[in-house]
Amino acid sequence: MALADTERAVPNCADSGSPFSEIIELNVGGQVYVTRHKTLIAVPDSLLWNMFSKKSPKDLARDSKGRFFLDRDGFLFRYILDYLRDLNLVLPDYFPEKSRLQREADFFQLRDLAKQLSPRVSKDNSIGEEIGHSDPEDGAQQSGPSGAAAAAAETLRAVSVAGATRSPSLDSRKSGYITIGYRGSYTIGRDIQTDAKFRRVARITVCGKTALAKEVFGDTLNESRDPDRPPERYTSRYYLKYNFLEQAFDKLTEVGFHMVACSSTGTCAYTSNDPNEDKIWTSYTEYVFCRD
């Protein structure tokens with residue numbers, strides 16, 4: 001049965017001249033959004049404006065449930081949609097995805113939003129360059145042994161200042177705990193030596209302070225189950241984008257964490273009522289890491 005030319009759920013048109021309904025359902029990278037037609041066309045000449053004002057519903061891609069489909073980052077689209085509602089950008093205090101959001105703004109042809117997200121050159125950088133250029137002139141005015149001594153003193157001062165600027169970054173590493181957990185399963189057959197199958201890790205979870213988790217795992221951390229969590233708060237809903245425990249351990253070791261405890265629980269079940277059949281073992285294991 002062919003899909004109708006109008007969207008699902010709401011048959012009323014947005015206006016007398018539009019084939020689109022007032023309420024529109026979108027599937028953006030697997031995330032479902034429901035919004036008004038006028039929100040999508042809020043910015044003239046943008047990609048969404050062209051899609052929902054210049055094209056007809058039958059020209060747009062849909063998913064299996066009839067929603068309009070966009071193959072983009074479903075998590076970041078929430079900020080695109082927020083911007084379209086009132087043309088104002090509001091981001092969380094700690095938002096490490098700004099460069100990726102700028103890429104999404106460029107894709108959707110939201111020029112003002114992309115401009116707000118673009119990195120700005122600070123005045124401090126330009127002043128620093130001017131100071132850097134003035135140093136050779138000061139050195140050129142000095143001559144003889146006194147000039148050499150002054151240059152040596154300046155070098156020592158620069159080294160000490162560089163060391164002082166590096167020290168805070170090392171000292172600023174906060175202490176704390178991060179717990180890594182995983183739920184795995186494996187099967188043991190009648191012949192244990194030949195039929196044992198290695199663990200299957202479905203998902204590696206990360207528990208601890210938000211700021212520490214983002215510092216350690218960066219872009220490999222999936223925050224979709226607990227987005228916009230402030231850095232000083234704790235979470236138990238993050239998980240990693242890979243399934244290798246050793247990779248997580250390496251990340252923690254690189255930034256000064258060491259394992260202080262671990263625990264595991266397990267259950268056993270048969271694949272059928274026959275006790276001679278294969279046994280399925282399911283376990284949940286947690287590893288506690290600490291940085292002093």
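Start by selecting Tyr33, Phe77, Phe107 and Phe108, which together form one aromatic cluster. Rings of Phe, Tyr and Trp (its six-membered ring) pair here if their centres lie within 6.5 Å, with planes under 30 degrees apart called stacked, over 60 edge-to-face and the rest tilted. You are looking at a predicted model, in which local features need pLDDT of at least 70 and side-chain atom pairs count only at pLDDT 80 or more, while totals for chains, interfaces and linings use all residues. Residues are numbered from 1 along each chain as its sequence is written, and side-chain values use heavy atoms, with hydrogens and water left out.

**Inside the cluster**

The structure holds eleven aromatic pairs. Zoom in on one of them, Tyr33 and Phe77: this pair is edge-to-face, at 5.2 Å centre to centre and 65° between the planes. Tyr33 belongs to strand E2 and Phe77 to helix H3 (residues 77–86), so the pair links distant parts of the chain, 44 residues apart. Helices (H or I, at least four residues) and strands (E, at least two) are DSSP runs, numbered from the N terminus.

Now colour by accessibility. Buried means under 20% relative accessible area, exposed over 50%, and partly exposed in between (1.4 Å probe, protein chains only). Tyr33 counts as buried because its relative accessibility is 14%, and Phe77 counts as buried at 1%.

Phe77 lies in helix H3 and Phe108 in the loop between helix H4 (98–107) and helix H5 (111–117), so the pair ties together parts 31 residues apart in sequence. Phe108 is buried, as is Phe77.

**Two charges over rings**

Next, pick Arg78 and Tyr79. A charge sits over a ring if NZ of Lys or CZ of Arg is within 6 Å of the ring centre and within 35 degrees of the ring normal. The charged end of Arg78 sits over the ring of Tyr79, 5.5 Å from its centre. Then move to Arg203, whose charged end sits over the ring of Tyr239, 3.9 Å from the ring centre.

**Two loop residues with positive phi**

Select Leu87 in the loop between H3 and H4. Its phi is near 55°, a positive value in a residue other than glycine, and Leu87 is partly exposed at 45% relative accessible area. Go on to Gln109, in the loop between H4 and H5. Here phi is near 60°, again positive in a residue other than glycine, and Gln109 is partly exposed at 31%.

**The largest pocket**

Which residues lie nearest the centre of the largest pocket? Select Asp73, Phe75, Asn222, Glu223 and Ser224, out of 16 lining residues. A pocket is an open set of points on a 1 Å grid over the protein atoms alone, where a 1.4 Å probe fits, with protein on both sides within 12 Å along at least five of seven lines; lining residues have an atom within 4 Å of a point. The volume of the largest pocket is about 300 Å³. Strand E2 (31–36) and strand E6 (221–222) each supply at least two residues of its lining.

**Last stop: cysteines**

Finish with Cys207, buried at 19% relative accessibility, and Cys262, exposed at 52%. With a disulfide taken as a pair of cysteine sulfur atoms within 2.5 Å, the count comes to zero disulfides.

Note on methods. Grid points are joined across faces, edges and corners, and a volume is the space filled by probe spheres set on the points.
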